[in-house]
Amino acid sequence: MNLKSKFCLFVCCSLLLVSCTKQISKYNDNQVFRYNEHANITTLDPAFAKDLRTIWVTNQLFNGLVQLDDQLEVHPDIASSYTISEDGKTYTFKLRDDVFFHKHKVFGKDSTRVVTADDFVYSFNRLSDPEVASPGKWVLEFVDSFTAVDATTFVIELKQPFPPFLSILSMKYCAVVPKEAVEYYGLNFRANPVGTGPFQFKLWVENEKLVFRKNTNYYEVDDNGQKLPYLEAVAVTFLPDKQSEFLQFIQGNLDFMSSIDASFKDDLLTNDGKLKAHYTATIEMISGPYLNTEYLGVYLDAEEQSVHSEKIRKAINYGFDRVKMIKYLRNGIGTPAVNGFIPKGLPSFNNMKGYTYQPELAKKLVQEYIKESGNTNPTVTISTNSQYVDLCEYIQREVQKTGLEVKIDVMPPSTLRQTKVQGKLSIFRGSWVADYPDAENYLFIFHSKNFSPNGPNYVHYSSKEFDELYETSTKITDNKTRRAMYQKMDSMVMASGAIIPLYYDDVVRFTQKNVTGLGINPINFLSLKKVKKAAVK
């Protein structure tokens, strides 16, 4: 981008930010938290919070029974306490009596009311309602029933023990919503949310701006007894690309920026992933493990015959240097995936000896395949979108040194998703981000019952032993035993070569120096209730 183009882009972005500022002008600028969402938000309804951008905004507006801290430990939220029966099937929640819905005309003269157990019954029934068609209805897959014993007691009965269930309940899908508001707005509840969160809805001009203001009736307090949140408002803009977001951030017009992009990573970071010296006085950078595994998936039922060979799949795995790839193409952000599919950051991480860089072994495997198959020109095709072309081209260059021809097919993200589900790609670039912090989330996708297009087993991995281990593990309540089973399953998938892990991602966050209390966590969850902004000197 040349200087003139950058200037024009900066002016356009500034005008949009000025427009957003007018909506919150009554607040001190030091009390307004601003960030940009370059991927558009389509709903503010927690029943449809299926992606990170929607989870971020709904987390400011809604609460559930329990919540996760930055170490991914489960804590009470609207529930003041909970108990789990010895057989692991009955969950009993005692609710707080001081949680109120956001003030709204639908509640009549009092403009609000206390949340009760009946509200959770309504919210869970709505989540599972086929007419609502929530993408989150799967969270109730193991639930047999749920009842309101009284106003402050909510009981969930499971069909069988399922240890990750408590973590699943922390997801925004399970947030409580008021029947009055949902019935009043109908489908438009998506744009008129009423919740219990630290911030409440103020304004949404789709594709332009979104504004929340402080919920003065919020129930949580800090360790000193001060009411949360500290901020007066949150303002979200929708600048369409990461480059324009970066320009606004370095000018101080945004308080927060998440992740890096190829368009500015070399300007912002050194080769080893550190903040460059000329930014250290004004910008704070924090990073940590992210429960996201970036990988290449090999479709085992593909028409391309080469990928049917385990030797070819393993040759690709051994044929490129992940350490060098992360250092030079990712500026050191991420951990080379030389272990299993389960990423670092989970207790079940499998510190197995996986696929390290062994070019001679890769060549040997390719030659053995050629001799056995008679195919003197083995070829594979890697499909990706434009964001990951540099990684795939690096793999192409390295793996071709083994004697295996590698082609790259670049397509739009939507086409990549669709053709992957339909089984039309031999090898595809993918990523798997945890919905909840349990390794089961990384293993269920390999169960044979989850074959695409009806499930997420896009590689069509199938193993009777794996299926039996998985089904047994979901019923084991002892963490140590269950984690050992998880690691065995992870090793089985890796041994097949159906997955070519690239790297375990990092959460990377950038803030202005006057922002504190943001925190960081392995699921890249955004919580603003404890954020503070100091006056800029």
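Against which strands do the buried residues of H12 pack? In this predicted model, the buried residues of helix H12 pack against strand E14, which spans 379-384, and strand E16, which spans 427-433. Helix H12 itself comprises residues 413-421, and its buried residues are Leu-416, Thr-419 and Lys-420. These residues cover an arc of only 105 degrees around the axis, which places them on the same side of H12. An α-helix has 3.6 residues a turn, so residues three or four places apart point the same way. After the helix comes Gly-423, whose phi is positive, near 75 degrees.

On the side of H9, the contact involves Lys-324, Met-325 and Leu-329, which meet Asp-390, Leu-391, Tyr-394 and Ile-395 in H11. Divided by class, the residues of the contact of H9 with H11 are five nonpolar and two charged, with no polar residue.

A second pair of helices is formed by H14, residues 464-473, and H15, residues 479-496, whose axes come within 10 Å and cross at roughly 155 degrees. H14 and H15 are therefore roughly antiparallel to each other, and their crossing is left-handed. H14 contributes Glu-465, Phe-466, Leu-469, Tyr-470, Thr-472 and Ser-473 to the contact, while H15 contributes Arg-482, Met-485, Tyr-486, Lys-488, Met-489, Met-492 and Val-493. The residues of the contact of H14 with H15 divide into eight nonpolar, two polar and three charged.

Backbone geometry was examined next. Most residues other than glycine have a negative phi, and most peptide bonds are trans. Leu-72, by contrast, is a residue other than glycine with a positive phi, near 65 degrees, and its place is in the loop between strand E2 (66-68) and strand E3 (74-76). With a relative accessible area of 13%, Leu-72 is buried, the cut-off for this class being under 20%. A positive phi, of about 60 degrees, is also found in His-460, although this residue is not a glycine. His-460 lies in the loop between H13 and H14, and at 11% relative accessibility it counts as buried.

Another cis peptide bond joins Ser-452 and Pro-453, with omega about 15 degrees. Pro-453 is located in the loop between helix H13 (440-443) and H14, and His-460 is likewise found in the loop between H13 and H14.

Two individual residues complete the description. Phe-199 is found in strand E8, which comprises residues 199-205, and at 0% relative accessibility Phe-199 counts as buried. The C-alpha atoms of Phe-199 and Asn-59 are separated by 9.2 Å, although the two residues are 140 residues apart along the chain. Ser-128 lies in helix H3, residues 117-128, and at 34% relative accessibility Ser-128 counts as partly exposed. Its C-alpha atom is separated by 8.1 Å from that of Trp-138, ten residues apart from Ser-128 along the chain. When its neighbours within four places in sequence are left aside, Ser-128 is in contact with Lys-137 and Leu-140.

Conventions: Residues numbered from 1 in each chain as written. Predicted model: local features only at pLDDT ≥ 70, side-chain atom pairs only at ≥ 80, totals over all residues. Heavy atoms only, no water. Buried < 20%, exposed > 50% of the residue type's maximum accessible area, 1.4 Å probe, protein only. Helix = DSSP H or I, 4+ residues; strand = E, 2+ residues; numbered from the N terminus. Arc of directions from axis to C-beta. Contact = heavy atoms within 4.5 Å. Axes fitted to C-alpha atoms, helices over the stretch in contact; angles between N-to-C directions. Parallel < 35°, antiparallel > 145°, perpendicular 65-115°, else oblique. Left-handed = near helix turned anticlockwise from the far one by under 90°. Nonpolar A, V, L, I, M, F, W, Y, C, P; charged D, E, K, R; others polar.
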